[in-house]
Amino acid sequence: MALKLAGVATIAVSLLLLQLSAAHSTGQASYYTAPFVPSACYGFDQNQFPANLFFAAGGDGAPNIWAGGANCGKWFRIRCTGNGCTNSNTISVKIVDRYPSGRAFDLSDTAFLAIANPDVGFITVLYSGPFDSP
């Protein structure tokens, strides 16, 4: 009986891990520096920026994170993978602007620096979202 339960638990954990990995997408991210206003979502409103300054412009290419402005104020979880990464931390960024490019995100310089070396210019990221809160 214990062996059957262990097998069922293994299958359940495997399915959960499969669901979690399927909820992530891969894209590219670059970064931008001040001035950050006016933004496409909130204009000159300084309250649009989270206190830790982890925010981003959503790309309008493929993948289309911008989504015609539908993701303004939404949060995405991002982890750097590959060249240029300085750690494996996951950060949450708030979409406040539009990035007219083929990259998924244009991160604030503060957010980019939290996960990667800015000298590389752009990175590959694993991301999930959108979420209503960080």
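**Close-up 1. The left-handed disulfide of Cys-41 and Cys-72.** The torsion about the S-S bond of Cys-41 and Cys-72 is -80 degrees, which makes this link left-handed. Its sulfur atoms are 2.0 Å apart; a disulfide here is a pair of cysteine sulfur atoms within 2.5 Å. Cys-41 sits in the loop between β1 (25–32) and β2 (55–59) and Cys-72 in the loop between β2 and β3, so the bond ties together parts that are 31 residues apart in sequence. Helices (H or I, at least four residues) and strands (E, at least two) are DSSP runs, numbered from the N terminus. Cys-72 is partly exposed, at a relative accessible area of 22%. Relative accessible area is computed with a 1.4 Å probe on protein chains only; under 20% is buried, over 50% exposed, and in between partly exposed. The model is predicted, so local features need pLDDT of at least 70 and side-chain atom pairs count only at pLDDT 80 or more, while totals for chains, interfaces and linings use all residues. Residues are numbered from 1 along each chain as its sequence is written, and side-chain values use heavy atoms, with hydrogens and water left out.

**Close-up 2. The disulfide of Cys-80 and Cys-85.** The structure holds two disulfides, and in this one the sulfur atoms of Cys-80 and Cys-85 are 2.0 Å apart. The torsion about its S-S bond is about -85 degrees, so the link is left-handed. Cys-80 is buried, with a relative accessible area of 4%, whereas Cys-85 is partly exposed at 26%. With bonded cysteines counted along the chain, the disulfides follow the pattern 1-2, 3-4.

**Close-up 3. Ser-88 in the loop between β3 and β4.** Ser-88 lies between β3 (75–81) and β4 (90–99) and is exposed, with a relative accessible area of 56%. The C-alpha atoms of Ser-88 and Ala-116 are 9.4 Å apart, for a separation of 28 residues in sequence.

**Close-up 4. Ile-78 and the largest nonpolar core.** A nonpolar core is a set of buried Ala, Val, Leu, Ile, Met, Phe, Trp, Tyr and Cys residues joined through side-chain atoms within 4.5 Å. The largest has 20 residues, and those with the most contacts inside it include Ile-78, Val-93 and Phe-105. At least two of its residues come from each of β3, β4, β5 (105–108), α2 (109–115) and β6 (123–131). Leaving aside residues up to four places away in sequence, Ile-78 touches Asn-89, Ile-115 and Tyr-127, among others; contact means heavy atoms within 4.5 Å. Another core, of seven residues, lies apart from this one, with Phe-36, Phe-49, Ala-57 and Tyr-99 among them.

**Close-up 5. The aromatic cluster of Tyr-32, Phe-36, Phe-49 and Phe-55.** These four residues form one aromatic cluster. Rings of Phe, Tyr and Trp (its six-membered ring) pair if their centres lie within 6.5 Å; planes under 30 degrees apart count as stacked, over 60 as edge-to-face and the rest as tilted. The whole structure has nine aromatic pairs. Tyr-32 and Phe-36 have ring centres 5.2 Å apart and planes at 85 degrees, so they are edge-to-face. Tyr-32 and Phe-55 are also edge-to-face, at 6.3 Å centre to centre and 85 degrees between the planes. Tyr-32 belongs to strand β1 and Phe-55 to strand β2, so this pair ties together parts that are 23 residues apart in sequence. Tyr-32 is buried at 13% relative accessibility, and Phe-36 is buried at 18%.
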